[in-house]
Amino acid sequence: MTIDSERSRLSVRGISVEVIRKAIKNLHLGVYPPHGRVRVASPLHLDDEAVRLAIVSRLGWIRRKQAEFRRQERHSRREFVSGESHYFAGRRYRLSVTEKSGRPAVRLLNNTTMALSIPPDADWHVRQAVLNRWYRRQLREQLPGLVATWEPKVGVRVNEVRIKKMKTLWGSCNVEARRIWLNLELAKKPLSCLAYILVHEMVHLIERRHNDRFYELMSQFMPQWQLHRDELNRAPLAHADWKY
């Protein structure tokens, strides 16, 4: 077969499974938030029956993971009002909103309270923008140290790391430009999750695909990467859907 990859879908005992056949050596099975989507990356030579048997052998694990995602805490739409829960670096804070003239600001009063100061006429969009700017600044402060730590470990040079809001991805990269994009939502997650996504994208500068070599490199550079991935998946989900 000369095709680099092909996609199909199987139904296995009531579970819909996306099957992606690639030029890889081993089969990889994943269950992804927020709804327990199941995806299999399979070597090109395996037929549907072989893939089906592999899925059946792990049905118990698949159903447990899907049940975990159903129980996982999800954010409702944030209104940016006092008493609401917001997250930073994996910690939950109670928002305290003060309306007063002057420049909008966000600061952490202690380990439980996040203060938001805004003009009296600030609507939902203004409140969201103020908080997002604060999250962006926090990420920008964390990234130089993380990049400097991981570049020599992974053995790559990153030209630029940018931050943007993404609807479904935690990160992406442009291999040619050696530019990495990180989701603004990572500011809300534990630092270990931020490091995991950064390293994930760094490894893509060496190996573009999610194949055996990619996972071997991840295990070489960050032996605990699966624990960090699971921690990210356990963290409260935003109002949108994410995947990784």
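**View 1. Helix 3 passes helix 4 in a right-handed crossing.** A crossing is called right-handed if the near helix is turned clockwise from the far one by less than a right angle, and left-handed if anticlockwise. This is a predicted model, in which local features need pLDDT of at least 70 and side-chain atom pairs count only at pLDDT 80 or more, while totals for chains, interfaces and linings use all residues. Residues are numbered from 1 along each chain as its sequence is written, and side-chain values use heavy atoms, with hydrogens and water left out. Helices (H or I, at least four residues) and strands (E, at least two) are DSSP runs numbered from the N terminus. The axes of helix 3 and helix 4 come within 10 Å and cross at roughly 50°, where axes are lines fitted to C-alpha atoms, for helices over the stretch in contact, and angles run from 0 to 180 degrees between N-to-C directions. Helix 3 and helix 4 are therefore oblique to each other; angles under 35 degrees count as roughly parallel, over 145 as roughly antiparallel, 65 to 115 as roughly perpendicular and the rest as oblique. On the helix 3 side, L139, Q142, L143, L146, V147, W150, E151 and V154 meet L191, L194, A195, L198, V199, M202 and V203 of helix 4, contact meaning heavy atoms within 4.5 Å. The residues of this contact comprise 13 nonpolar, 1 polar and 1 charged, with Ala, Val, Leu, Ile, Met, Phe, Trp, Tyr, Cys and Pro counted as nonpolar, Asp, Glu, Lys and Arg as charged, and the others, Gly among them, as polar.

**View 2. Helix 4 also packs against helix 5.** Helix 4 (residues 191-204) and helix 5 (residues 212-221) meet at an angle of about 130°, and their axes are 10 Å apart. This pair is therefore oblique, and the crossing of helix 4 and helix 5 is right-handed. From helix 4, Y196, V199, H200, V203 and H204 meet F214, L217, M218 and F221 of helix 5. The contact of helix 4 with helix 5 is made up of 7 nonpolar residues, 2 polar ones and no charged ones.

**View 3. An open sheet of 3 strands has the order 9-11-10, with mixed pairing.** Two strands pair if DSSP finds at least two bridges between them. Strand 9 (160-164) and strand 10 (171-174) stand at the edges with a single partner strand each, so one side of each is left without a neighbour in the sheet. From one strand to the next, the twist averages 20°. Strand 10 and strand 11 (residues 179-183) run antiparallel and are joined by 4 bridges, and G171 has L182 in strand 11 as its bridge partner. Helix 3 (residues 124-154) lies across strand 9 and strand 11, running at about 155° to strand 9, whereas helix 4 lies across strand 9, strand 10 and strand 11, at about 150° to strand 11.

**View 4. Helix 3 lies across strand 5, strand 6, strand 7 and strand 8.** These 4 strands form an open sheet in the order 5-6-8-7, with mixed pairing. Strand 5 (85-88) and strand 7 (105-108) are at the edges and have a single partner strand each, so one side of each lacks a neighbour in the sheet. Neighbouring strands of this sheet are turned against each other by 35° on average, direction ignored. Strand 5 and strand 6 (residues 91-99) run antiparallel with 4 bridges between them, and Y87 has R92 in strand 6 as its bridge partner. Helix 3 runs at about 125° to strand 8 (113-118).

**View 5. Strand 2 is largely enclosed by the rest of the structure, because 7 of its 8 residues are buried.** Buried means under 20% relative accessible area, exposed over 50%, and partly exposed in between (1.4 Å probe, protein chains only). Strand 2 (residues 15-22) pairs with strand 4 (residues 37-43) in the parallel sense over 6 bridges, and V19 stands opposite V40 in strand 4. A23 lies in the loop between strand 2 and strand 3 (28-32) and is exposed, with a relative accessible area of 52%. The C-alpha atoms of A23 and D212 are separated by 9.6 Å, although these residues are 189 apart along the chain.

**View 6. F80 has a positive phi of about 60° although it is not a glycine.** Most residues other than glycine have a negative phi. F80 lies in the loop between helix 2 (59-71) and strand 5, and counts as buried at 6% relative accessibility. A89, in the loop between strand 5 and strand 6, likewise has a positive phi, near 55°, but A89 is partly exposed, with a relative accessible area of 35%.
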